[in-house]
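Hello,

Here is the model we talked about passing on. Please look it over; my notes follow below.

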Amino acid sequence: METKKSTLLKVVSIIMIIGGALYLVMGAISLFGAFGVAAVPEAGTPLIFVVLGLVNIAMGAFNLVAGITGSKAASGNGNVKRCKNFAIILLVLAVLSLALNIFWSLGTDQVIYNIISSIVGITLPVLYFIGAKKVSE
């Protein structure tokens, strides 16, 4: 039975499932692009696309699994402690993403956009943790 306490966790979990699927697609596109460029002998392998592709795939997998776990926990069928652990892992990955975005965009006109984008990315794991905490109460 869904209660008012579990609504936040349910909504954030659905957003995370959708976001996780998008991360997986973006990661695959990035990797295919890197390998496509690497096929040109003079170009070499653009390491940044490989790194970004792997980071996106990792974030996508964590978001997808966390979203499914959170959705189950919000319905009363899942482990809320596992949701809190996923929230912490995702928060660490989001902070890492913020640091990498700042590092890679310093000196460009994209730095403000990347910082704002990363800060928005940090809010989802925080809301997920708050939702999991409410359900466990």
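How do the residues lining the largest pocket divide into nonpolar, polar and charged? They split into 18 nonpolar, 9 polar and no charged. Nonpolar here is Ala, Val, Leu, Ile, Met, Phe, Trp, Tyr, Cys and Pro; charged is Asp, Glu, Lys and Arg; the others, Gly among them, are polar.

First, the ground rules. This is a predicted model: local features need pLDDT of at least 70, side-chain atom pairs count only at pLDDT 80 or more, and totals for chains, interfaces and linings use all residues. Residues are numbered from 1 along each chain as its sequence is written, and side-chain values use heavy atoms, with hydrogens and water left out.

Back to the pocket. Its 27 lining residues include Tyr23, Asn56, Met59, Ser97 and Gly121, which lie nearest the centre. Helices H1 (4–38), H2, H3 (80–105) and H4 (111–136) each supply at least two lining residues. Helices are DSSP runs (H or I, at least four residues), numbered from the N terminus.

Now H2. Its 28 residues (47–74) should span 40 Å at 1.5 Å a residue, and the end C-alpha atoms are 40 Å apart, so the two agree. The expected span is 1.5 Å times one less than the number of residues. Just after H2, Gly76 has a positive phi of about 90 degrees.

Last, Tyr128. Leaving aside neighbours within four places in sequence, Tyr128 is in contact (heavy atoms within 4.5 Å) with residues including Leu9, Met16, Ala66, Cys83 and Phe86.

Best wishes

Terms used
On a 1 Å grid over the protein atoms alone, a cavity is a set of points where a 1.4 Å probe fits but cannot get out, and a pocket is an open set with protein on both sides within 12 Å along at least five of seven lines; lining residues have an atom within 4 Å of a point.
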